[in-house]
Every structure is written in structure tokens, then in C-alpha cells.
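Student: Can we go through a model together? I'd like to understand where the labels come from.

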Amino acid sequence: MAARFLLQRSTPGLLFSSRSVPAFSSPFLCRGHRLEPGDDELYQRTTVSLMKNEANSGILIHSYSPGGFNIDGNRVFGPCAVLPPAILQWNVGSYKDITEESISLFHMLEPPLEILVLGTGSRVERINPSVLALLKRKRIAVEVQDTPNACATFNFLNSERRLVASGLIPPSHSTALEVKQD
């Protein structure tokens, strides 16, 4: 009995007892116990105060077709350069026309671009390596994608407020989804 008393006194936080008590006898330690809100918590309302309205997220490409693009309600025919906040006609006919001269518009901007998204039409096409080398020297990252994916990538990066621009060639008419009657 004296040894048990000394052990109880000398070991902080440890209590030995001859009594057998189940470990989960407390309602707070058992698995089935649920915490419920008090009366004062039941009728409180949560409120949110809007401190500052978020500015417009910039240009958004709403749709594309073989004829062009719908960019923030503006109908753009043919290839275009989207340089927030401007939308310009881009003088290229196909991905083969994307040259160092045709992308000069993108690397002369101030502040400089972080990312240039190029939409090459219905398919991803290989861009001239000299064009990619020029953009690398200018420290502009390049994403070359088919136009549908380039539009989505541009919208996403622009919504994140990144310094992004896009050169888009409309996709050609696709017959993949047409229903043909025999």
C-alpha cells in the first residue's frame, strides 16, 4: 500500500488505482458522443462585409468558330492577338506564318509578358524553332496549343491576373462531329 501511495505521488500525471474503470466510461471520450450547439449558438447569423469590389477580371474569350472569336461581346473575324486590354487583328494565315516578325508585337509590350499562349488552329502544330528561341531570349514563356485549349488556357491565366497575351488562329471546320446520312 505504501508503494502504491509513493508511486501515485511521485509520478506526475500518472495515477494507479486498484479499481478497474473502463477507458471510455466518460461521455466525452466515447465514440457515440456528439457535440451540440448551445442555445446562444443556434440563432446567430453569419454576416460577410465586402470591403472592396473586385475589379473586372479582364478580357474573356467566350467562344470560337472557323470564322473567328467572340471576345467580351466583340466579334473578331480571323486570327487575332489578344493583349489585355486590347484585341487586334493578327496578320497570319496559318501556323506557318508565325515568324519572328509576326510575334514582334508580343515582345515589345511594357510591362513585359510572362506567358504567350499560341493557338494554332484545329491541331497543335510545330512552331519555327527560331521563333521559340527569340521568345526565350526575351524571357517570355510560350504555350503552343490547339485553339480551343489555347482559349481556355488564356482565360484561366488571365483570371489569375497573370501578364498573359494570346495569338489565336481560328480552328478550321471539323467534320468529326457531323452526322452523315447514307
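Tutor: Let's start at Asp72, which sits in the loop between strand 2 (68–71) and strand 3 (74–77). Helices and strands here are DSSP runs, H or I of at least four residues for helices and E of at least two for strands, numbered from the N terminus. This is a predicted model, where local features need pLDDT of at least 70, side-chain atom pairs count only at pLDDT 80 or more, and totals for chains, interfaces and linings use all residues. Residues are numbered from 1 along each chain as its sequence is written, and side-chain values use heavy atoms, with hydrogens and water left out.

Student: What does Asp72 count as: buried, partly exposed or exposed?

Tutor: Buried means under 20% relative accessible area, exposed means over 50%, and partly exposed is in between (1.4 Å probe, protein chains only). Asp72 has 36% relative accessibility, so it counts as partly exposed.

Student: Which residues is Asp72 in contact with, leaving aside neighbours within four places in sequence?

Tutor: Contact means heavy atoms within 4.5 Å. For Asp72 that gives Gly58, Ile59, Leu60 and His62. Ile59 is 13 residues away along the chain, yet the two C-alpha atoms are separated by 6.2 Å.

Student: What makes the link between the side chains of Asp72 and His62 a polar contact?

Tutor: The term needs a pair of N or O atoms within 3.5 Å; within protein, one must be able to donate a hydrogen and the other to accept it, and residues adjacent in sequence count only if both atoms are side-chain atoms. The Asp72 and His62 side chains are joined at 3.5 Å, and that counts as a polar contact.

Student: What is there to say about the phi of Asp72?

Tutor: Phi is near 50° there, a positive value in a residue other than glycine. Arg139 is not a glycine either, and its phi is positive at about 60°. You'll find Arg139 in the loop between helix 4 and strand 7.

Student: How do you know whether Arg139 is buried or exposed?

Tutor: Its relative accessibility is 76%, so Arg139 counts as exposed. Now try Asn158, in helix 5 (residues 147–159): at 7% relative accessibility, this one counts as buried. A polar atom of the Asn158 side chain lies 2.6 Å from the backbone oxygen of Ile59.

Student: Which elements make a right-handed β-α-β unit?

Tutor: Those are strand 6, helix 4 and strand 7. Right-handed means that, with the strands pointing away from the viewer, the path from the first strand over the helix to the second runs clockwise.

Student: Which residues touch the most other members of the largest nonpolar core?

Tutor: Such a core is a set of buried Ala, Val, Leu, Ile, Met, Phe, Trp, Tyr and Cys residues joined through side-chain atoms within 4.5 Å. The largest has 17 residues, and Trp90, Ile98, Ile103, Phe106 and Leu116 touch the most other members. Helix 4 gives the most to this core, with 3 residues.

Student: Where is confidence lowest and where is it highest in the chain?

Tutor: pLDDT is the predictor's confidence in each residue, from 0 to 100. The lowest mean is 47, in helix 1 (residues 2–10), and the highest is 97, in strand 6. Across the chain the average is 78, with 64% of the residues scoring at least 70.

Student: Which peptide bond is cis at Pro111?

Tutor: The one from Glu110 to Pro111, with omega near -5°. Pro84 and Pro85 are joined by a cis bond too, with omega about 10°.
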